[in-house]
Amino acid sequence: MKTIVLVTASSMPKPDPESHLLVAALRQRGVRSQVLAWDAEFDWSSADLVVVRSAWDYFERLDEFLSWADAVESVSHLVNPAAVLRWNTHKRYLTELIERGVPTVPTVVVAKASALPDLPALFPGSLELVVKPAVSIGAIGAMRGAADDADLAAHLAHLAMSGDVLVQPFVSSVLDRGERSLLFAGLDLSHSVRKVPLAGEYRVQDHHGGSVHGHQATASEMAVARAALAVAPARCTYARVDLVDTPDGPVVMELELVEPALFLNEDPSAPDRFAAAIISQV
């Protein structure tokens with residue numbers, strides 16, 4: 001068998017905490033693997049399978065990354081598939097989830113260099129909004145503020161000069177209940193976690209001080225997660241569905257199908273489950 005390649009980035013905002021766990025789990029199953037940056041000088045046709053894992057600089061080089069994905073898929077087997085990567089790298093997919101009836105945080109996409117909306121009129125009754133780039137990771141570029149805050153409007157205008165922008169109502173439950181992340185290995189739920197922001201913060205990522213806790217997914221969370229995954233343009237080998245609570249039940253905050261952290265260190269059996277899902281694609 002040729003080597004399975006787990007794809008990372010040559011420019012990393014933080015160390016990759018879990019690809020080595022997959023390498024070890026694959027080795028336990030008798031499969032060789034290596035970790036390479038997506039822009040490395042490498043003959044991608046020499047791999048049986050190429051698995052995107054921590055390509056955490058893709059949002060800064062999106063066109064180049066998607067061209068790489070298309071090229072790799074033409075000579076090898078890429079997971080998740082290039083069509084999924086292309087669909088999921090731009091957060092307009094959230095509007096498609098809404099159109100398909102998947103419970104999702106209300107979302108408006110403001111196109112690059114377009115006429116700017118009146119923010120307070122977008123979501124009547126929402127006192128606070130979140131404005132963030134439509135192509136980004138880890139809440140980079142996100143700003144929370146009052147709907148009528150001039151600084152928030154200025155942030156929107158600044159972001160829209162260089163790219164599309166998302167505007168959403170702020171979901172206050174994240175402050176005390178955090179986000180739930182459901183991790184899927186193939187079609188099956190592997191495990192789930194709850195991500196909680198630092199006191200005084202609303203972003204749950206670890207580089208913003210957030211913490212991770214165990215969680216048992218509920219039936220309603222599973223139903224929403226599976227409905228969201230069903231909208232993706234192709235079957236996914238790995239997936240993370242981030243949910244937040246509302247008075248009407250759980251809704252999708254993000255559907256992470258490109259390079260999500262899978263929190264493999266939160267469940268001792270998780271690396272082997274994802275290794276099995278990966279091997280099934282060879």
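In this predicted model, β1 and strand β3 (residues 49-52) run parallel and are joined by four bridges. Within this pairing, L6 has V51 of β3 as its bridge partner. Strands of a sheet pair through backbone hydrogen bonds, in either a parallel or an antiparallel sense.

**The parallel sheet**
- Four strands make up an open sheet, and the pairing is parallel.
- Their order is β2-β1-β3-β4.
- The edges are held by β2 (33-37) and β4 (78-79).
- Each of these two has a single partner strand, so one side of each lacks a neighbour in the sheet.
- Helix α1 packs on this sheet and touches β1 and β2.
- The direction of α1 makes about 175° with that of β1.

- E18 sits in the loop between β1 (4-8) and α1 (19-28).
- Is E18 buried or exposed? E18 counts as buried because its relative accessible area is 6%, and the cut-off for buried is under 20%.
- Leaving aside residues up to four places away in sequence, E18 touches R53, P260, A261, L262, F263 and L264.
- One of these residues, L262, also has its backbone nitrogen 2.6 Å from a polar atom of the E18 side chain.
- S280 lies 262 residues from E18 along the chain. The C-alpha atoms of E18 and S280 are separated by 20 Å.

**Strand β12 and its partners**
- Strand β12 covers residues 238-246. Eight of its nine residues are buried, which leaves the strand mostly covered.
- Which strand pairs with β12 over six bridges? That strand is β9 (residues 179-185), and the sense is antiparallel.
- β12 and β13 form a hairpin, with two residues between the strands.

**A general point on strands**
- In a regular strand, side chains alternate between the two faces of the sheet.

Conventions
Residues numbered from 1 in each chain as written. Predicted model: local features only at pLDDT ≥ 70, side-chain atom pairs only at ≥ 80, totals over all residues. Heavy atoms only, no water. Buried < 20%, exposed > 50% of the residue type's maximum accessible area, 1.4 Å probe, protein only. Pairing = 2+ DSSP bridges. Contact = heavy atoms within 4.5 Å. Polar contact = N/O pair within 3.5 Å; in protein donor to acceptor, adjacent residues only side chain to side chain. Axes fitted to C-alpha atoms, helices over the stretch in contact; angles between N-to-C directions.
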